[in-house]
Every structure is written in structure tokens, then in C-alpha cells.
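Welcome to this tour! Open your viewer, get ready to select residues by number, and follow along one stop at a time.

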Amino acid sequence: MSKLIDKFGREINYLRLSITEHCNYRCFYCRDDKHTPNCKREDILSYENIQRIVRLFAELGITKVRLTGGEPLIRRGIVKIARLISSVPGITDVPLSTNAQLLGKFAQKLKENGVNRVNISMDSINVEKFKEITRGGNIAEVIEGIDAAIAAGMYPIKINAVAMRGINDDEIGDLIDFAIEKNIDIRFIETMPIGSAGIEAASQYMSEQDILAKINQHLKNRLTPLISSKTDGPASNFKIDGTKSTVGIISAVSNHFCDACNRVRLTAKGDLILCLGQEDSISLKDAVRSDLSDNKIKQMIVDAINKKPEKHEFNSAIDNISNRQMAETGG
Ligand code: SAM
């Protein structure tokens, strides 16, 4: 089994695959109000392009492919895409990131086609606030989606909530209670200064410490730290004593977890992004549509991985990434 190792000795085994730039929500910290993706059908990778790229990555050592976007469930053929990816030899883990608005419709079919687990973005359980944050979202549909994922046997199911001062910091306890009630996990995310919407939202930023203080205030002494494995990514996790749930914090801004980074991102248009907090990328779209051999394309990927930056520069190079919307990058 081959391994994809970058020049800092990190093993890259995780591909985050965005399959559309479009989203049915317009979360204010993710997407500019005025921004609409300029993305024609021929611009985005076809099913065949996606399957070929995933196969080449798998031959190089990638084992985990996360479906993300934009909102992956609005891409036509999502179930087929899940099937194509999960049937690639070597791919053993196909999680999904979704806002869950359409999960009620797709959870069972996705599970049958290889999507074993799901992260669901949900920043509020208050009907009005949820609508405001998402600019029109319906929390009842999201809860329906969560219930469908539970019924389909997806495991684990994690809620991801961006913690924002003055927006939803008063709901941290309610969101935790919701997760406990559903026997699922919850993680709070630091706001990242990505794209102009993210940079603007950074004024509501809460650090890991701020978030942990709120969690502790709600749960008192009911937290047992979990030892995280190197592949957990930028999250610290705790078991909530007396429940089946865990709570975590994704602190990509206040902590550099870059020495353990095991991931790269592929946009819907076929750009391979080597680091969420840096500009570097190469296009694979033309390569997979040309008559370049598999070996040549694999060499392109290996060369790109060798250029993966040592660490993100969220704090010092905001200008570099300010033009890249999170929804286009693939969250
Ligand atoms: N539509 C899917 C979803 O809702 O999970 C996948 C894409 S979305 C861009 C992925 C994640 O990125 C969501 O959890 C979202 O909250 C998060 N996100 C977007 N912009 C962010 C920002 N500026 N800071 C932190 N997280 C952000």
C-alpha cells in the first residue's frame, strides 16, 4: 500500500471533496450576501472526473474522502457520486458534511451507498435566529434530517456549530442539551477569517478558551477529556459524563495543528487546495479531461503535495485568502 508523504513528513490520507459551490443556505459568516457562484455545468468535475481523481488519490494512499461543498446534497446525482467514491478500492471512509436540510430525503440511500457518518452544521436551534444566520433556513427540516441520519444508522453523527459572540454564545448550553437528547456529538468551531464574509464575522470570534468557559459553565464538572488521535484534526474532545455524547472544540485559529495535518481539498472545479489557510493550489481538471496517463496525473498530485505549506497563516496573511469564499473552497 503506497503512502502520500509531504516534505514535512506528514502522511496525507484524507481528501475533502467539494462537489458543488452552490448552497441552499447563505450563512452570513460563510458567503457574501451578494456573492453567487459563477459556475457553469462544464466547469465542475463530472462523475467520471471525480471517480478517476479519487481512484488516483486512493492508489497514492488516500483512504478517507469527505463529501462537502457548498451543499453536497443539492448536487444532482449525489447518491451516485457516493456510490462511485465508496466503491473505489482503498477508500474505507466516506463521511459527509451537510446542513441537513435535504438529509431527510437522502440519509437512508446515502448510507446504503457507503456514506457511513455525517457532520451536520447547525449554529442555533432557535427558529428565528437559525433563519437569520442561514438567511432563510428552516430548523425543523434540519432536525428532520438529523433524525433520518440516526434512523439510517449513520455513526457517529456530529453537530458542528460556529460559536459567535453576541450571535449564538447564549445557546451553547441549549445546543449541548440537544445533542445529549439525540445521543449524538457536538463540536463548536472558532470563526475562521476565510473569504470576506469570514473576515467580517471574525469580529464575533470566540477563542477556544472562551468557548470552553461557556461549555464548563453549562456542564459544570461533567467533562472527561478524550485522548485524541493524530487524525482527529484540529479538535479537542470531551466525554460528557453520564451521557452518550461528546463535546469538542475545533480551534484551527488559536491553535496550529498543522504538524498533524493529514488533508487536502479538491474544489468542485477541480482545484487541489493544499491548505485552507494558504493560497497554494493546482488545477487537476484539465489533466483528468486530457489524455494524460494515470501515472502522469499521479506525479502531478505527488508534486503538489510536496508543496503543501508547513502551516496556515490565518493570523498574518488574511489578504492572501480573502478572495476565496469558504463555500467555494469546500468547507
Ligand atoms: N454545506 C455543508 C455544511 O453546511 O456543512 C458543507 C460546507 S460548509 C462551508 C462546511 C462548514 O464550514 C460548516 O460547518 C460551516 O459552518 C463552516 N464554515 C463556513 N465558514 C466558516 C468560517 N468563516 N469560520 C468557521 N467555519 C466556517
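Angles under 35 degrees count as roughly parallel, over 145 as roughly antiparallel, 65 to 115 as roughly perpendicular, and the rest as oblique. Keep in mind that this is a predicted model, where local features need pLDDT of at least 70 and side-chain atom pairs count only at pLDDT 80 or more, while totals for chains, interfaces and linings use all residues. Residues are numbered from 1 along each chain as its sequence is written, and side-chain values use heavy atoms, with hydrogens and water left out.

**Stop 1: α1 and α2**

Select residues 47-60 for helix α1 and 78-86 for helix α2. Helices (H or I, at least four residues) and strands (E, at least two) are DSSP runs, numbered from the N terminus. The axes of α1 and α2 are 9 Å apart, and the angle between them is about 25°. Axes here are lines fitted to C-alpha atoms, for helices over the stretch in contact, and angles run from 0 to 180 degrees between N-to-C directions. Therefore α1 and α2 are roughly parallel to each other. Now show the side chains of Tyr-47, Ile-50, Gln-51 and Val-54 in α1, which make the contact with Lys-80, Ile-81, Leu-84 and Ile-85 in α2. Contact means heavy atoms within 4.5 Å.

**Stop 2: α3 and α5**

Next, select residues 103-112 (helix α3) and 139-152 (helix α5). Their axes come within 8 Å and cross at roughly 20°, which means that α3 is roughly parallel to α5. Which residues of α3 meet α5? Look for Leu-103, Gly-104, Ala-107, Gln-108 and Lys-111, which meet Glu-144, Gly-145, Ala-148, Ala-149 and Ala-152 in α5.

**Stop 3: two loops**

Go to the loop between β3 (95-98) and α3, where you will find Ala-100. Ala-100 is not a glycine, yet it has a positive phi of about 75°. Then select Pro-156, in the loop between α5 and β5 (157-162). Tyr-155 and Pro-156 are joined by a cis peptide bond, with omega at about -5°.

**Stop 4: the ligand**

Finally, select the ligand: how many residues surround it? There are 17, and the closest are Tyr-29, Gly-70, Glu-71, Ser-121 and Met-192. A residue is near a molecule if one of its heavy atoms lies within 4 Å of it. Zoom in on Tyr-29, where a polar side-chain atom lies 2.9 Å from an oxygen atom of the ligand. At Gly-70, a polar backbone atom is 2.9 Å from a nitrogen atom of the ligand. End at Met-192, where a backbone N or O atom lies 2.8 Å from a nitrogen atom of the ligand.

Notes
A polar contact is a pair of N or O atoms within 3.5 Å; within protein, one must be able to donate a hydrogen and the other to accept it, and residues adjacent in sequence count only if both atoms are side-chain atoms.
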